[in-house]
Every structure is written in structure tokens, then in C-alpha cells.
Amino acid sequence: MNHWYHSWVAAVRIARRDAWRFKGRSSLVLAMIALPILGVSAADLTLRSAELSTEQQMERDLGAADARVSDPGMGGVPIHQSPDGRNYMTVENFDNKPWPDGSADIRAAFPAGAKILKDTSGSGKLRTEHGLLNTVIHELDATDPMAKGLMTLGQGRFPDKAGEIAATAHFLETSGLEVGSELTARGLATEYRIVGSYELPGALKSDEVLARPGTFLAPLDKALKADGLPGTAAGSTYLVSVDGDGFTWNMVKKANAHGAVVTSRAVALAPPADSEVPLHQRDDWSDYEQSTAARTAELAAIGTVVGLAMLEICLLAGPAFAVGARRSRRQLGLVGANGGDRRHIRAIVLSGGLVIGFAAAVVGTALGLLLTFVLRPLLEDYMGQRFGSFDVRPLELLGIGLLAVLTGLLAAIVPAVTASRQTVLASLTGRRGVRRSSRVLPVVGLIATGLGIAITLFGATATDSIVIVAGGSALAELGIVALTPALVGLFGKLGGWLPLSPRLALRDAVRNRGRTPPPSPPCWPPWRARSPWRRTPPATTYSSAPPTRHGCRTVR
Amino acid sequence: MPESMPHTSHQPQQAFKSQQSQQPVLQLEELTRVHGSGATEVHALRGVNLSVFPGELVAVMGPSGSGKSTLLTIAGGLDSPTSGRVVVEGTDITTVGRKELAALRRRSIGYVFQDYNLIPALTAAENIALPRELDGVSARKARVSAVAALEEMGLGQLADRFPDEMSGGQQQRVAIARALVGDRRLVLADEPTGALDSETGESVLALLRARCDAGAAGILVTHEPRFAAWADRVVFLRDGSVVDETLRSQADSLLSGQAAAQ
Ligand SMILES: Nc1ncnc2c1ncn2[C@@H]1O[C@H](COP(=O)(O)OP(=O)(O)OP(=O)(O)O)[C@@H](O)[C@H]1O
Ligand SMILES: [Mg+2]
């Protein structure tokens, strides 16, 4: 059977060997395409690795416990909560009454026979080498098995008696103190010895010290209040371990009846059906999860940025392909003499883009993986949290790789069409065909540039849409590209007074307008545009603030 | 050169009775080609008639600028005539479109130029396979027939060599193999020996001759009388017109006479 793709096989073969024969030019284009691919694949990998699975998230939030129970501070009135414990509201309607206030009897909310570990934190100003540092003071028996996973010990050990504390590595870094140093808080004479350093896997950059329960916050609070200063604003939550199937949804609902909010591992791993969630069954409940409109806008913005980046690369790499096609003219002429149609010539030049795009995809993603792997500690530091796991998503990397292939192909389109328009004879003899510079092109370019600038200005001033701004920029840029040959010609006419070598260079540019790259693109960076997805989400009457680690939440 | 020759033997029509019973592979009728216009007008061809039959090798000779290359490019459809007809395997190629012309070049017409005939990115076998691959034949099939063609010509050992790993003579022989691969049986050779020493040139022409004896039709442009001696017929061009046409037997004596005269 005869098939069109057989001729593509031949075209790709020629392109592949040519890319190998002219390594210098190939690697230049390859680098241009591979570099952004490297960046994007590394970013994908980093973000995906930083994204935690539910199990990993639960380990960071709950340690080895089954649940964390916290008091929303509404006087213990019954509440309804969402399965993840992020949203809750009182069962009763308090619209026309004063909001309940005060703490709940949290112990009543614990299931019978549960093991409890109190987790308290407040804040104070600690004396460091560089002055006072406002620091989270955390009180928890870190040696309790339930606390396993909440923090990772670095040097030394966790405190095991009064007067000892451990500090986060970040705190040690910012404070200039080290394991073994003594430390005091403003307003309290007691000295604490730092016996160890640790990190919070989800918040590497937090400044925090850890003391045994009752040894730091209470005395400090008392001393501060005695001086008439604001106290430590300490609040507690409770890590709970139960026997059996963990802290079930039914147990959560019972705790809710006592006014407590629960984050449960068992519930997070197997959330109850909506019909079993009283909060979701209420008429006055609505889900303020990210709206689809915001999501669409985000996708459009990402698409626009990627599109613009590809356009820039194409404009830079295009001339390299044009030079390649010019250099291999005789070869293309021979293909023509042997029956190569225009589409075959196009296929060969396009295959050049395909081959380099493919190589760039492989090199870019491989280097992206490698770099992320090697630089993992640095990236984790930068992100401020430890990766859950090294999360390679083959499909996403494939998509990113496809972008490289597409970029290569797009960059080769114009050179391919130009090369295929040459007559076989002109290619073979190296004669230049009679080439009139197009009269339409500069006019189109001028119009496109003007229109593009207008659209961009309109988009930036009158609307919020990044898509309009970016689209306008792209249009103006393409317009300038279309204008380039005319501009180069114009400069050529003005170049008579130049000294010899620039005059020759200019004449060369004028005679080879196709490969002369466009001037540096006009840039209206997309991030200048006001972005819709940064606008604050609609306010809710319910607390949907992300839970602080220790669960002090307030209702507006 | 040609003007010194005696214009005696103007009877080629009579000589090819046996061949004329067959269809010519290539038929040029009243071919003219004018390059440029106005002051720079050049009449490269003025009313050329020529037929080439299967099994026949025709040499075209003439001074530089006499229109030999122009004749070949038009015969192969790389250039179009100002007037006249070019019939290849029964098809008037001056009337067909660009695509059909390319297809015709893939299937019917092979070129051999003076040098750099082979695509540097492809091995000998791949070069020979290319026209058929472009025609949509699978790479494997095309390669099999290409290797077979090479072996038939005693060039089997060249199959996997790239052009820059072959001598000039080897390259030209591979080019001849490519010109006649598949169904192609018209080879247009423009000074195929021009870049070779005479011994290598002889071996290249021997191959061309052998292919024509096997049924192909060929036009050979050359400056060298000793190479023209491989042809069945010699056509002399001067200023775009055929000034003489001789049979090989006569050409031999003519050429030796000419050599004696010099
Ligand atoms: N593209 C062209 N434009 C203008 N004139 C041309 C072109 N091609 C050929 N000519 C002219 O046509 C005439 C015939 O040229 P051609 O190349 O056919 O000669 P030739 O017999 O092959 O010469 P040589 O033996 O030097 O190769 C010459 O006068 C040449 O200058
Ligand atoms: Mg010539």
C-alpha cells in the first residue's frame, strides 16, 4: 500500500541526519526550545511534589493521632461542620440574637476512653542575637507517640523537663542562636535552654519554639499581664486517639453537638456522602469552593502566557530554520528533481522543526526531572515545605513535551513554506528566483501593529482581561514581524553613508530579509494586566479561613 | 567545433526504422525557450525536435551556451518551454500541473547532474529509494529494490555509505542507479563525467550504456567526443538549434576525423 506517511518517514530521516550534521545550529535552536521546557517541567514536578495526598496532609496535621478536636469559641452551642472541618455554622440561627461567645466544655466532646494530647500555642517576643523576635510558642509533649509526624527532629532532642525548649531550624537561623544557647522572653526572667532543633514539614519557614506543657506560656502570660501588657493569646486544640475504626463521622457529629469542631483522619480518607452531612443539607448553606468562572479565567491566563512564550520562541527560532533551509537548498533541489512535490519539501523542513522539538522535549524534561531531583532540598526551602513525595506525572510531562514539539513545528512553518515555493531549478542552480517584496505584507503589518496596540491599551485600561491584553500584544508583535522586511529595506536605503562593514552587513540583511530576525519584540508583560483571579473571593458569612495549625477559628 | 564538421549525414529518420515501431520515451517537438525579455532576451532553444526511443542513448554536444542544459531541464519538466511540446511516456508534460509533473519526475524521469547528485543526509541505498518513498512506498520495500538495483550494477558494497564516503565516480554511478529506479526509464544526464578523470568517466558511461541496452532511454550531454562515442546518436546544438545529427558509426568516423584535423 502506498501511504502519505511513508514520505514523511523519508522527510524525518533527512531532517534527523541534517540536524546531526549541523550540530551547532541544531543545538542553538534546541536550547531555545528546551530551556523553557526545562523550567516548566521542573515547575510542574515541584508543584506536584509539594501537593500532598490526603494521608500526607493528615500526617502533618494530626501526627499519629486519629483526630484533632478544637473549640470554635462559641460557648458550646451545637454546630454543623463540613467533613474536613474547614467550615461550620451554628445549628441555631443567631441573626436576630447576640452571637454566642465563650469556650465550650471540650472534654465532653471527647469519645469515652479516648487518649488525649493537648496542643497549645501562643506567641511571645523572644530575645535573640538581633533583638526581639515575635515567635510562636508551642507547648506539646513531643515525645508522645501521638505527636509523631507533626515535627521532624533535627539536632539534639525534644525538651523533657521544665526550662528546656526546642526551636525550629528557621528560628535558630533568624535568631542567631544555636542548640545549647540560653534564651529568655521579654517580660519573663526565666531562662530556657535550647536542647534541640526541629522543623515543621509543612512550614519550614516558621519561627517557633517548643516547650513542655505549662512551662512557658502560662508563666509568660502571667508576667505580661502583671505588667499590663497583652498576653500570649494562647489557644489549645486536642489530638485524640480512639480504638477501632478511628474517629468516625458519627463521632464527629456527636462532638459537634457539644460545640466542638473535628478534623478526623478516617473522615478525610473516606468522606461521608453529602446526604449524611447536615451542613450540606441546609438551605442556607452554599458551597464557596473555587467557582468555575475563576477557574476558566485562570486557564485562559495560563493558556495566554504559554501561547505568548511559544510565539516568542518561534520568532527567535524561525530564522535559524530559515538559514538551515537556505543552506540545504541544493539538497531540497535534488529532492525536487527526484519528484519531490511542494508538500515533500515542506515536510522535510517541518521535520527539522519536529526533530529538534522532539529532542528539546526529551532534553528539557529530562533535565527538568534531574534538576528537580538534585535541587530538591533547595526547592523545598524555597517552597517553605517538604515534598510529600517525588511526584512524577507522566501525562503532564508528556503534555509539556508536546508543547516543545509544537513550538519546533510552528517555528519551521514559515521557512518550510518559503522553501517549498522555490522552483526546483532555482534551488539546484543556486540562482535567486525573481523575488518581488510583497506590497501587501507591510500594509497588513502596519494595520496589525496599530490594531494590536489599540487592543492592548483598551485591554489594559478598560477591562480586566489578561487575554485581551496578551492577544493585542501578540497581534502587534506579529504585525511588527510582518513589517520587518519593509523596515530592513528602508534602513538599507538610509545606509549609504555608513562605513564599509556595517554597510555590507546591512546589505546582506536587506538581501536576506527572511532570515533577519525581527527587532526585539514589543513587550507588554502579561503580569502587568490586572488579573481577575487575584480578586478576593466573595465574602462568606461562614468561616472558611484555612485552619491554623492549632485550630483557633473565629466566626465573623 | 561543430562548424568545422561536414554536413553530410542528415538522414536520421531513415536509420531508426526498427526503433520507430516502438513509442519514443521522450519526444521534443518544435521546442523553443527564450530567457528574459527585451534587451536581455536570450534564445536558448530555437525549434528543437528530438525523439529518444527505449534502448537508445543520445549524446548532445555543442559549445558552451548552446542550450544543452536548457534542453535537458525542459525535457525533464524542471523548466517549461516558451513554445513546443514535450512528450514523456505519452504525456505532454507542458500541459500538466505542478503536482502531476512532480509525480512524473518520481516515476518516469531521472536526472544525473555534473556533481553533488546525492542527498548528503542519505546513504546510497536511501538515495536510490527516495523517489519511491516520496511516492508513498514503504521504506522497507523501497530499500529492498534499491539494494537490488545497486547489486545488479555491481555496487552492492556501497549501499550503506553516505555520499561523502564515496568517490566521485561511485557517486555518479549511484546517481545513475537512482535515475532508473522503479519504473523510471528516461535518464537525463548533464555532463555526468564533467568532474571525473577520463578513466572513471568511462566506467560511469559504461554503466549508462548498459542501462540503455537493458531498455532505458537516455540523453547524455557532454563536451568530450570520446564519451559521445558511447551513444547511439550524437546531436549537435549551436545557438539553440540542432545543426547536425549523426549515427554512432558516422560519429565515430567524424570524431576521429575531427581529432585528426586538430
Ligand atoms: N535562467 C536563465 N536566465 C537567463 N539566461 C539563461 C538562463 N539559463 C540559461 N540562460 C542562457 O541560455 C543559454 C543556454 O544556456 P545553457 O545553460 O542551456 O547552455 P549550455 O549549452 O548548457 O552551456 P554549458 O556547456 O556551458 O553548460 C545561455 O546563453 C545562457 O546564458
Ligand atoms: Mg550546461
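This is a predicted model: local features need pLDDT of at least 70, side-chain atom pairs count only at pLDDT 80 or more; totals for chains, interfaces and linings use all residues.
**View 1. The shell of residues around ligand 1.** Ligand 1 is surrounded by 14 residues, and the closest of them are S64(B), G65(B), K68(B), S69(B) and T70(B). Because the surrounding residues come from chains A and B, the site is shared between chains. Helix α3 of chain B gives the largest share of this shell, three residues. By residue type, the shell divides into three nonpolar, eight polar and three charged residues.

**View 2. An open sheet of four strands in chain B.** The strands follow one another in the order β2-β1-β4-β5, and their pairing is antiparallel. At the edges stand β2 and β5 (91-92), each of which has a single partner strand, so one side of each is left without a neighbour in the sheet. Strands of a sheet pair through backbone hydrogen bonds, either parallel or antiparallel. Between β1 (residues 26-35) and β4 (residues 83-88) of chain B, which run antiparallel, there are five bridges; Q27(B), for example, has V87(B) in β4(B) as its bridge partner.

**View 3. S351(A), a buried residue in a helix of chain A.** S351(A) belongs to helix α11, which covers residues 342-374 of chain A. Its relative accessibility is 0%, and because buried means under 20%, S351(A) counts as buried. Leaving aside residues up to four places away in sequence, S351(A) touches W8(A), A11(A), V12(A) and A15(A).

**View 4. G149(A) in a loop of chain A.** The loop that holds G149(A) lies between strands β5 (131-139) and β6 (152-156) of chain A. Although G149(A) and D61(A) are 88 residues apart in sequence, their C-alpha atoms are 8.5 Å apart in space. When residues up to four places away in sequence are not counted, G149(A) touches E59(A), R60(A), G63(A) and P201(A).

How values were computed
Residues are numbered from 1 along each chain as its sequence is written. Chains are lettered from A and ligands numbered from 1 in the order in which they are written. Side-chain values use heavy atoms; hydrogens and water are left out. Helices (H or I, at least four residues) and strands (E, at least two) are DSSP runs, numbered from the N terminus. Contact means heavy atoms within 4.5 Å. Buried means under 20% relative accessible area, exposed over 50%, partly exposed in between (1.4 Å probe, protein chains only). A residue is near a molecule or strand if one of its heavy atoms lies within 4 Å of it. Ala, Val, Leu, Ile, Met, Phe, Trp, Tyr, Cys and Pro count as nonpolar, Asp, Glu, Lys and Arg as charged, and the others, Gly among them, as polar. Two strands pair if DSSP finds at least two bridges between them.
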